[in-house]
Amino acid sequence: MWVGGQNWSTGFSSIMQAISTAVDHSHAFAVVLRAEESHGPSLAALCRAFAEVAGRAWWLLDCKDGRQLEHRAAAMRLREVIDMGEKGVAARVRDGQHETVTHAEVRRDAEEAVRRAAVAGQREKTPNYKTLACRVMSAANITDPDGKYSHLSAVAHGHGFTVGGLGARSPHQAEGFTHFAIALPIANAQAYLRIITRVMNVVVERFIALTCDAAEHDGWRLTYATSHNRIVTAFDGLSKQS
């Protein structure tokens, strides 16, 4: 149990930020899925964003010890600073007050943090978002994670052939305008939910194993089993109606 304690300021907080963001995406997915009107691409976009940020949490949790966690968290922070570039104005909170800092200062601090956290003989390079998402989907036993990620990206970006398969109706003329309606096929909804539930499960299982006791683990497994059974029952009913 090496997550927490002295790792709170860097590694643990980075894990919590990633998990909290993933939970937010999953809640938004549920809201959109329950909406009265039909949605398609937006659900794929939320599912992809969920998988990417859950992949961040998984990469941090999939460490040998706290030292590697600290190193990875610092490397991830530096990667973010580099990707941010010198566009915009960076701000941070110090003693409850917002202050403006230069990009050079932020990068210098991030590079110093990597040097302090570096583990001898190891080099940590933050994977890109596709790799992060595919790794956590693989850990969750999602079949063909590369194909799933490519599909989610294509739909989220509005690729014609992929979006055309999302229950699209053929364009037709009405009042001088061309209309194009999209509905979400049951198979797609099942696939997206399978990704979200299974990925969330492996991330939380790993987190609990490193931070909590057996009682918490048992409670989560019951929650996951209950949710899984409710989803299966709901889609069985929808399949019979179609």
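**View 1. The largest cavity of the predicted model has a volume of about 40 Å³.** The structure holds one cavity of 30 Å³ or more. The lining of the largest cavity consists of Ile19, Ala22, Phe50, Ala54, Ala57, Val199, Met200 and Val203. At least two lining residues come from each of the helices α1 (8–34), α2 (41–61) and α8 (186–211). Classified by residue type, this lining comprises eight nonpolar residues, with no polar and no charged residues.

**View 2. Glu52 is a buried residue of helix α2.** The relative accessibility of Glu52 is 13%, and Glu52 therefore counts as buried, the cut-off being under 20%. When neighbours within four places in sequence are left aside, the residues in contact with Glu52 are Tyr129, Leu132, Ala133 and Tyr149.

View 3. Two or more lining residues are given by each of the elements α1, α8 and α9 (214–241).

**View 4. Helix α9 provides the largest share of the lining of the largest pocket.** This share amounts to 10 residues. By class, the lining of the largest pocket divides into 21 nonpolar, eight polar and four charged residues. The lining of the largest cavity, by contrast, has no polar and no charged residues.

Notes: Residues numbered from 1 in each chain as written. Predicted model: local features only at pLDDT ≥ 70, side-chain atom pairs only at ≥ 80, totals over all residues. Heavy atoms only, no water. 1 Å grid on protein atoms, 1.4 Å probe; cavity = no way out; pocket = protein on both sides within 12 Å on 5 of 7 lines; lining within 4 Å. Points joined across faces, edges and corners; volume = space filled by probe spheres on them. Helix = DSSP H or I, 4+ residues; strand = E, 2+ residues; numbered from the N terminus. Nonpolar A, V, L, I, M, F, W, Y, C, P; charged D, E, K, R; others polar. Buried < 20%, exposed > 50% of the residue type's maximum accessible area, 1.4 Å probe, protein only. Contact = heavy atoms within 4.5 Å.
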